[in-house]
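Work through the exercises below with the sequence and the model open. Each task is followed by a solution in steps.

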Amino acid sequence: MQLCVALDLPSLKENLKLAEELKEFDIWLKVGFRSYIRDGREFIKALKQINPSFKIFLDLKLYDIPNTMADAAEEIAKMDVDMFNIHASAGKRAMQEVMKRLEPLKKRPLVLAVTALTSFDYHTFKEIYGAEIEEKAKQFALQSYQAGLDGVVCSVYESPMIKHETGSSFITLTPGIRPFGESGDDQKRVADIKTAKEYNVDIIVVGRPVYKAENPAKAVKKILHNI
Ligand code: C5P
């Protein structure tokens, strides 16, 4: 299992300070909406300068018509990014177009599909998608697998079913992690490290429990020790 730390701090300075504090670790760093909208490509370059071995996950959750998604994927592939994600609910054709566009590249980032956001509880999910989370997450995961993606973003609880349906090498990346049972904040389907391990998760995403810790490096060390 690998660790991905979410760089969701309110300023570039704070995010870079956090990355500096974590530069000794072999981890993924997640660049999401807030940081990317504000600090863009320069931010990614700066992270790689701090430690060229940091693996960057660009969490922009693309959702659009197939051609626009493929265009965006092509642009992302030109950046120094190791993984990005798209919404499975954009449809199988959109996912196929993205993979087709990346196919000719010698080296391409990993592509994951978002199944169900971990902030949804069962009621909210049904209200939006008209189906149970498990049923829809399974369908989304199968479609992304068939479209040639590398894995999915899902909750810990869906990981075993998704692995079973698609194959063990299909990556599951799970936010909503509260490593040692900390508060869930706005996350609804949370799990700790022990459960994530039991449920065969490949990459856990941890944000607030690391960047709000008094000593983020110490928090990361403890997480890595328990992984
Ligand atoms: O602070 P916390 O650990 O809850 O952060 C989780 C991170 O993972 C946030 O950056 C959030 O945007 C992201 N994320 C998520 N649920 C998804 C996909 C991404 O929480 N399904």
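The model is predicted.

**Exercise 1.** State where Ala 73 sits and which residues it touches.

Solution. Step 1: Ala 73 belongs to helix α3, which covers residues 66–77. Step 2: its relative accessible area is 0%, and buried means under 20%, so Ala 73 is buried. Step 3: with residues up to four places away in sequence not counted, Ala 73 touches Leu 62, Phe 84, Val 98 and Leu 102. Step 4: Val 111 is 38 residues from Ala 73 in sequence, and the C-alpha to C-alpha distance between the two is 9.1 Å.

**Exercise 2.** Describe the backbone and the exposure of Lys 61, then find another non-glycine residue with positive phi.

Solution. Step 1: Lys 61 is found in strand β3. Step 2: its phi is near 40°, a positive value in a residue other than glycine. Step 3: a relative accessible area of 22% makes Lys 61 partly exposed. Step 4: Asn 200 has a phi near 60°, also positive in a residue other than glycine. Step 5: Asn 200 lies in the loop between α8 (193–198) and β8.

**Exercise 3.** Characterise the largest pocket by volume, lining and contributing elements.

Solution. Step 1: the space in the largest pocket is about 620 Å³. Step 2: its lining consists of 28 residues, and Asp 8, Lys 30, Asp 59, Lys 61 and Gln 187 lie nearest the centre. Step 3: by class, the lining has 13 nonpolar, 7 polar and 8 charged residues. Step 4: at least two lining residues come from each of α2 (33–50), β3 (55–62), β8 (203–206) and α9 (208–211). Step 5: β3 gives the most, with 3 residues.

**Exercise 4.** Explain why the buried residues of α7 are on the same side of the helix.

Solution. Step 1: helix α7 covers residues 159–166, and its buried residues are Ser 159, Ile 162, Lys 163 and Thr 166. Step 2: these residues cover an arc of only 100° around the axis, which places them on the same side of α7. Step 3: an α-helix has 3.6 residues a turn, so residues three or four places apart point the same way. Step 4: the packing partners of the buried α7 residues are α6 (133–146), β6 (151–153) and β7 (171–174). Step 5: just after α7, Gly 167 has a positive phi of about 125°.

**Exercise 5.** Locate Thr 115 and identify the backbone oxygen that lies 2.8 Å from its side chain.

Solution. Step 1: Thr 115 is in the loop between β5 (110–114) and α5 (122–129). Step 2: with a relative accessible area of 1%, Thr 115 is buried. Step 3: the backbone oxygen belongs to Val 153, and lies 2.8 Å from a polar atom of the Thr 115 side chain. Step 4: leaving aside neighbours within four places in sequence, the contacts of Thr 115 include Ala 137, Phe 140, Ala 141 and Glu 158.

Methods:
Residues are numbered from 1 along each chain as its sequence is written. This is a predicted model: local features need pLDDT of at least 70, side-chain atom pairs count only at pLDDT 80 or more; totals for chains, interfaces and linings use all residues. Side-chain values use heavy atoms; hydrogens and water are left out. On a 1 Å grid over the protein atoms alone, a cavity is a set of points where a 1.4 Å probe fits but cannot get out, and a pocket is an open set with protein on both sides within 12 Å along at least five of seven lines; lining residues have an atom within 4 Å of a point. Grid points are joined across faces, edges and corners, and a volume is the space filled by probe spheres set on the points. Helices (H or I, at least four residues) and strands (E, at least two) are DSSP runs, numbered from the N terminus. Ala, Val, Leu, Ile, Met, Phe, Trp, Tyr, Cys and Pro count as nonpolar, Asp, Glu, Lys and Arg as charged, and the others, Gly among them, as polar. Buried means under 20% relative accessible area, exposed over 50%, partly exposed in between (1.4 Å probe, protein chains only). Contact means heavy atoms within 4.5 Å. The arc is that of the directions from the helix axis to the C-beta atoms. A polar contact is a pair of N or O atoms within 3.5 Å; within protein, one must be able to donate a hydrogen and the other to accept it, and residues adjacent in sequence count only if both atoms are side-chain atoms.
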